[in-house]
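Thanks for coming, everyone. Please look at the model on the screen while I talk.

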Amino acid sequence: MKKYMERPAPLPDTETHSEGFRANRAARQTVLHEDYVELIADLLDEGQEARQVDLAERLGVSQPTVAKMLVRLGQEGLVVRKPYRGIFLTPAGREMADKVKARHRVVETFLLALGVSPDNARIDAEGLEHYVGTETLEAFRIAMRADISNFMKKARNNDSPA
């Protein structure tokens with residue numbers, strides 16, 4: 001079986017190389033915002049309240065951490081907090097959440113098609129969704145339409161000992 005990366009690829013040109021780092025920095029700046037609005041949307045879409053305590057528990061952070069982030073999200077026009085009623089998304093927050101959820105679904109579905117276990121696909125998609133670019137997402141979609149899951153099943157069968 002041929003290995004794809006037998007030797008390291010040469011460094012790309014400076015502009016291409018720096019673009020990768022710029023894209024990564026830009027994604028890191030929005031990761032937390034996207035995680036929060038996605039979780040708020042998920043809770044609201046399931047008919048639950050999105051409360052500070054729920055966010056802290058599900059994100060595995062303290063309530064003061066959530067409170068600080070909610071202030072930032074409010075200042076950026078992504079959420080509104082209503083006393084005794086929880087947290088709600090603004091139209092801009094809903095738009096961000098919908099985009100993140102769509103990316104998440106594509107990445108998770110692609111990982112499942114590769115044969116990654118459902119638990120690991122969900123965990124890995126949670127991180128990858130923020131860093132995958134438009135071109136890569138489209139490549140994932142094309143691969144899934146081309147039935148990559150069937151290809152992967154055959155590839156795994158070919159790799160199993162006789």
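This is a predicted model: local features need pLDDT of at least 70, side-chain atom pairs count only at pLDDT 80 or more; totals for chains, interfaces and linings use all residues.

Residues are numbered from 1 along each chain as its sequence is written, and side-chain values use heavy atoms, without hydrogens or water.

Which residues of α6 are buried? Leu137, Phe140 and Ala143 are (buried is under 20% relative accessible area). Seen down the axis of α6, they fall within an arc of 120 degrees, so they line one face of the helix. That arc is taken from the directions from the helix axis to the C-beta atoms.

After α6 comes Asp147, with a positive phi near 65 degrees.

Now the largest pocket. A pocket here is an open set of points on a 1 Å grid over the protein atoms alone, where a 1.4 Å probe fits, with protein on both sides within 12 Å along at least five of seven lines; lining residues have an atom within 4 Å of a point. The largest pocket has 15 lining residues. Nearest its centre lie Glu38, Leu39, Asp42, Arg122 and Glu126. Which helix gives the largest share of the lining? α1 does, with 5 residues. By class, the lining has 10 charged, 3 nonpolar and 2 polar residues.

Conventions
Buried means under 20% relative accessible area, exposed over 50%, partly exposed in between (1.4 Å probe, protein chains only). Helices (H or I, at least four residues) and strands (E, at least two) are DSSP runs, numbered from the N terminus. Ala, Val, Leu, Ile, Met, Phe, Trp, Tyr, Cys and Pro count as nonpolar, Asp, Glu, Lys and Arg as charged, and the others, Gly among them, as polar.
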